[in-house]
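I opened this notebook to keep track of what I looked up, one entry at a time, while reading through a structure that was new to me.

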Amino acid sequence: MNFKNITVAGGGVLGSQIAFQTAFKGFEVSLYDINESAIGMTDTRFKNYMELYKVDIGATQEELEAAYNRLTLYTDLAKAVENADIVIEAIPELVEIKKDFYQKLAKVAPEKTIFASNTSTLLPSQFAEFTGRPEKFLALHFANEIWKFNVAEIMKHPGTKEEIFHEVIEFAKAIGMVPIPIHKEQPGYVMNSLLVPFLFAAQNLLINGVSDPESIDKTWMLTAGAPFGPFAWLDIIGINTAYNVAKTMGEQGNEESAKIADYLKRELIDKGKLGKQSGEGFYKYPNPKYLDKDFLK
């Protein structure tokens, strides 16, 4: 692996985390987003991460300022990728948006550039033909709060070159991740193959009136010995991401998923409750009830 310049496309919750973690590990990082407003929100996220890194992993102010100075923000895609060794796409989990992005990216990225998608539920083979370089394309999926939950799943499609697959595995290690190689395409990889059904089961209990978020979380925390439950997880992941996954599955004919998407939009997104990053989702932050010492009593 000889990566030096990394581009992240999309400065949302995960894109901004991927960019900051990569810069923190010493790489020069360009981040692209669609307009100045989005770029401004991304910069705010970077500054928030600096405080979280101090608390969560003991990073020093000097280390964090050095990481911040290795980040450059762009609204011009061609400029953002002109030196990129790899582009990590972290845009909304919607097929048509991703297809359009890859068609545009293929026209401006250098021939050397590897493309990697952070898609959480879709398959790289769905987009390979739109990249213009299917042999240099694969999926690179991260968990939320990647400085703590440092798993990176690397999934190839049938046309991915084996050497590219291994280069991206080495890159994942270089940015502090534990790489999970996935040799055969699997919707949801390993992580979401386990997590999504779990979260959907919890949301079905809620929308069908069986129980409430706090009680469901308490049940899981007490019986599984987990630090938090499914609705806390949804807040950490981000309600928009959960909505996009449910909406996509609903459009594929899953009626329960469609109901979940409708609930998330009506009861949370339309009210500005986007999860931990916005200060409120199923819980209010920075002091959610599930962290209260008496929550499990």
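**Entry on the model**

I noted before anything else that this is a predicted model.

**Entry on helix 1 and helix 2**

I began with helix 1, which covers residues 13–24, and helix 2, which covers residues 36–57; their axes come within 10 Å and cross at roughly 60°. Since angles from 65 to 115 degrees count as roughly perpendicular, the angle here makes helix 1 oblique to helix 2. I also looked up the hand of this crossing, and for helix 1 and helix 2 it is right-handed. On the side of helix 1, I found Val13, Ser16, Gln17, Ala19, Phe20, Gln21 and Phe24, and these meet Thr42, Arg45, Phe46, Tyr49, Met50, Tyr53 and Ile57 of helix 2. Sorted by class, the contact of helix 1 with helix 2 has nine nonpolar, four polar and one charged residues.

**Entry on aspartate 33**

I then turned to aspartate 33, which sits in the loop between strand 2 (28–32) and helix 2. Is aspartate 33 buried or exposed? Its relative accessible area is 12%, and anything under 20% counts as buried, so aspartate 33 is buried. Leaving aside neighbours within four places in sequence, I listed its contacts as Gly10, Gly11, Gly12, Ala38, Ile39, Thr42, Tyr74 and Thr75.

I found threonine 119 in the loop between strand 5 (114–117) and helix 6 (128–131), and threonine 119 is buried, with a relative accessible area of 1%. What does the side chain of threonine 119 make a polar contact with? The partner is the side chain of glutamate 93, at 2.8 Å. Not counting residues up to four places away in sequence, threonine 119 touches Glu93, Lys98, His141 and Tyr189.

Tyrosine 189 from that list was my next stop, and I placed it in the loop between strand 8 (178–182) and helix 8. Tyrosine 189 has a positive phi of about 55° although it is not a glycine, and I recorded it as buried, with a relative accessible area of 1%.

**Entry on the loop between strand 6 and strand 7**

I looked up two residues in this loop. Glutamate 145 lies between strand 6 (137–142) and strand 7 (151–155), and it has a positive phi of about 55° while not being a glycine. At 5% relative accessibility, glutamate 145 counts as buried.

Phenylalanine 149 lies in the loop between strand 6 and strand 7 too, but I noted that phenylalanine 149 is partly exposed, with a relative accessible area of 27%. Apart from neighbours within four places in sequence, phenylalanine 149 is in contact with Ala143, Asn144 and Phe228. The C-alpha atoms of phenylalanine 149 and valine 178 are 9.3 Å apart, although the two residues are 29 residues apart along the chain.

**Entry on helix 8 and helix 12**

I went on to helix 8 (residues 191–207) and helix 12 (residues 255–267), which pack at an angle of about 70° with their axes 10 Å apart. Helix 8 and helix 12 are therefore roughly perpendicular to each other, and their crossing is left-handed. Helix 8 contributes Phe200, Gln203, Asn204, Leu206 and Ile207 to the contact, and helix 12 contributes Glu256, Ser257, Lys259, Ile260, Tyr263 and Leu264. By class, I recorded six nonpolar, three polar and two charged residues for the contact of helix 8 with helix 12.

**Entry on helix 9 and helix 10**

For helix 9 (residues 213–224) and helix 10 (residues 230–237), I noted axes that come within 7 Å and cross at roughly 105°, which makes helix 9 roughly perpendicular to helix 10. Pro213, Ile216, Asp217 and Trp220 of helix 9 meet Pro230, Phe231 and Ala232 of helix 10, and the residues of this contact divide into six nonpolar, no polar and one charged.

**Entry on proline 286**

My last entry concerns proline 286, which lies in the segment after helix 12. The peptide bond from tyrosine 285 to proline 286 is cis, with omega near 20°.

Conventions
Residues are numbered from 1 along each chain as its sequence is written. This is a predicted model: local features need pLDDT of at least 70, side-chain atom pairs count only at pLDDT 80 or more; totals for chains, interfaces and linings use all residues. Side-chain values use heavy atoms; hydrogens and water are left out. Axes are lines fitted to C-alpha atoms, for helices over the stretch in contact, and angles run from 0 to 180 degrees between N-to-C directions. Helices (H or I, at least four residues) and strands (E, at least two) are DSSP runs, numbered from the N terminus. Angles under 35 degrees count as roughly parallel, over 145 as roughly antiparallel, 65 to 115 as roughly perpendicular and the rest as oblique. A crossing is left-handed if the near helix is turned anticlockwise from the far one by less than a right angle, and right-handed if clockwise. Contact means heavy atoms within 4.5 Å. Ala, Val, Leu, Ile, Met, Phe, Trp, Tyr, Cys and Pro count as nonpolar, Asp, Glu, Lys and Arg as charged, and the others, Gly among them, as polar. Buried means under 20% relative accessible area, exposed over 50%, partly exposed in between (1.4 Å probe, protein chains only). A polar contact is a pair of N or O atoms within 3.5 Å; within protein, one must be able to donate a hydrogen and the other to accept it, and residues adjacent in sequence count only if both atoms are side-chain atoms.
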